[in-house]
Amino acid sequence: MADAQPLDHSPAAGTAAQRIITECDATLERYPAALDAGADPAVVTGWIAQTQAERAAPVRKQIYARTRASPRAG
């Protein structure tokens with residue numbers, strides 16, 4: 001995987017990931033209002049899919065960081 005980026009495990013990376021997740025969550029909360037205001041449901045569905053995709057990467061980073069930080073039972 002020549003295109004692979006090095007993983008950033010710094011505390012700042014976790015903060016940045018949480019900021020993106022929070023922004024995406026706020027964006028997702030606004031979409032029902034857009035529908036209520038008459039927005040095209042097909043367009044809003046696309047927005048939702050895009051926002052969920054943007055949110056997925058930082059969520060994966062957080063999960064990975066937690067599993068790396070947790071001692072394994074054994």
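**Salt bridges and rings**

Mentor: The count here comes to two salt bridges (a side-chain nitrogen of Lys or Arg within 4 Å of a carboxyl oxygen of Asp or Glu). This is a predicted model, where local features need pLDDT of at least 70, side-chain atom pairs count only at pLDDT 80 or more, and totals for chains, interfaces and linings use all residues. Residues are numbered from 1 along each chain as its sequence is written, and side-chain values use heavy atoms, leaving out hydrogens and water.

Trainee: Which residue does Arg55 meet in a salt bridge?
Mentor: Asp25, at 2.5 Å from N to O. Arg55 lies in helix α2 and Asp25 in helix α1, so the pair ties together parts that are 30 residues apart in sequence (helices are DSSP runs of H or I, at least four residues, numbered from the N terminus).

Trainee: And what does Glu23 pair with?
Mentor: Arg19, with the closest N and O atoms 3.1 Å apart. Glu23 and Arg19 are four residues apart in helix α1, about one helical turn.

Trainee: Switching topic: how many aromatic pairs are there?
Mentor: One. Tyr31 and Trp47 form a tilted pair, 5.7 Å centre to centre with 35 degrees between the planes (ring centres of Phe, Tyr and Trp, the last by its six-membered ring, lie within 6.5 Å; under 30 degrees is stacked, over 60 edge-to-face, the rest tilted).

Trainee: Is Tyr31 buried or exposed?
Mentor: Buried, with a relative accessible area of 12%, while Trp47 is partly exposed at 36% (buried is under 20%, exposed over 50%, partly exposed in between, with a 1.4 Å probe and protein chains only).

Notes
Helix = DSSP H or I, 4+ residues; strand = E, 2+ residues; numbered from the N terminus.
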